[in-house]
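The report below considers backbone geometry and packing in one model. Please have the sequence and structure open while reading.

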Amino acid sequence: MLLKKISSAKYGARLFQVVFMFRQGARSLSVPAQPVPPLAQTLQGYLRALEPLLPADELEHTREVVRKFGAEGGLGEKLQRGLEKRARHSHNWISDWWVKWACLENRQPLAVHSNPAIALPKQDYSDWRGQLLFASKLIAGVLDFKAKIDSGCLPVEHMRGQPLCSDLFPLLFSSCRIPGPKHDQVFHYSQSRRAPTHITVVRNYQFFQLEVYNSNGTPLTQSQIHDQLRRIRSQSWKTDKEPVGILTSEHRHTWGAAYRRLLKDKINKESVRLIEKGIFTLCLDSPVMRISDDKYSSRMAAQILHGDFPKQVNLSPNSFIQVALQLAYYRVHNEVSASCDSASLRMFRGGRTDVIRSPTNQTLQFVRAVDDPSITREVKLDLLKQAVEAHSMLTDQALRGQAIDRHLLGLKLQAIEERLSVPRLFMDTAYGLATHFRLRTGQVPANTDSVLCFGPQVPDGYAVCYNPQSDHVHFSITAFNCCEETHAETLALTLDSALCQLQELLQPAT
């Protein structure tokens, strides 16, 4: 049976939340282990990161706290030895901690706060027939990608000439995050003896189990998938169902309580398990209501900005954009803010991410100087280059596993693991300021005009994701409507202006 409607009794069930947790593969054995950075190096980098953010008297207080923590024979050295021992006896010294602390123990709703979305290039269809045709192509394409993972035929990716870890790919599908009372759990149904062979299709609050493999194990053709999607559409006209799925976007405690109630009913439990085990979930949503062009534009997640931006003058495009973001933020809020730019650690076994920090002292000097008419163009250009180069150096450190944030977190969690009091370093006001990232950013390049979207990390912050292309950059900028201090459209317009000004600054003088 290829198609089966998933029943629901009193509650129903909904799209599960997926996290990217994967097993180690033999193809990644050539990838080195992630190093534990030297303690002194991290503490010096931490103080440098604080310099643009703190007044002199507060910075001096924090210097003393850091000095005591890192003193010879002190607590810092003890915790560092614990981390180095952990690194010798574990797959990756920080990844498991990171998943538990940053993901599974986070009780915020996953929608916006954790799970990203992606805006794909506009497709050339205008009705449900085109939608189903595109959906069938998408499903077939995903199954083809899964087949390459399962067979070990997925090409090894490289960055800076180094192979990247592929450990995380095999568990991408049929992985489900289950809400719990204090922390969530992840189940990987693809590792079971009988791996799931169905996907879940959702339409009008109704859930369908669609088998996507034939009895001989071959995947359905695109034509067969399209026929099944047409059947689903014909069987899901009624909309008088309770939108129980919205519970999954609730606070994790709230969703966890509802989840436990769901499982008390036998039919509900069977439905929930089928949804959880699905290879992935496809939603056949109806079109959103068309609104005025002005409103539509202001609500768009992606902002498209054009230009010619920075390789021609030997500047890193990513670092150039990061400096532009700092300039835009400074112009909107008249200050710089702790910012996190994600860096991939896939050069190491089981590696996830670390943080490229900004602003730097060089960035602060530039954003203060760029609007000063008394400073010459040549000086401004030199300050811009220094700011970009400073960020590029931090990027290089992060990619080599030498950034400060995961190391600092590891030291804190090592203290907790050894049942020690949380070190004073992490109770210091400066640490709270340094980790309150009002700018959460990420470069997610693609070979199409698509852009990833995610929410701010803090209530009074922004999230900015961008996809640089050869002659333009796609941006998505988000902020919470409940915060009166932030406004995504204002930052977008200011960023547009900043990028244009920096482009002019890089042009040869006339």
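At 2% relative accessibility, S174 counts as buried, where buried means under 20% relative accessible area, exposed over 50% and partly exposed in between, calculated with a 1.4 Å probe on protein chains only. The model is predicted, so that local features need pLDDT of at least 70 and side-chain atom pairs count only at pLDDT 80 or more, while totals for chains, interfaces and linings use all residues. Residues are numbered from 1 along each chain as its sequence is written, and side-chain values use heavy atoms, with hydrogens and water left out.

S174 is found in the loop between β4 (162-163) and β5; helices (H or I, at least four residues) and strands (E, at least two) are DSSP runs, numbered from the N terminus.

R419 belongs to the loop that lies between α14 and α15 (424-427).

Helix α4 (residues 95-104) has S95, W97, W98, V99 and L104 as buried residues. The buried residues of α4 pack against α3 (75-88), β5 (175-178), β6 (185-188), β12 (353-358) and α14 (405-417), a contact being heavy atoms within 4.5 Å.

The peptide bond leading from S358 to P359 is cis, and its omega is near 10°.
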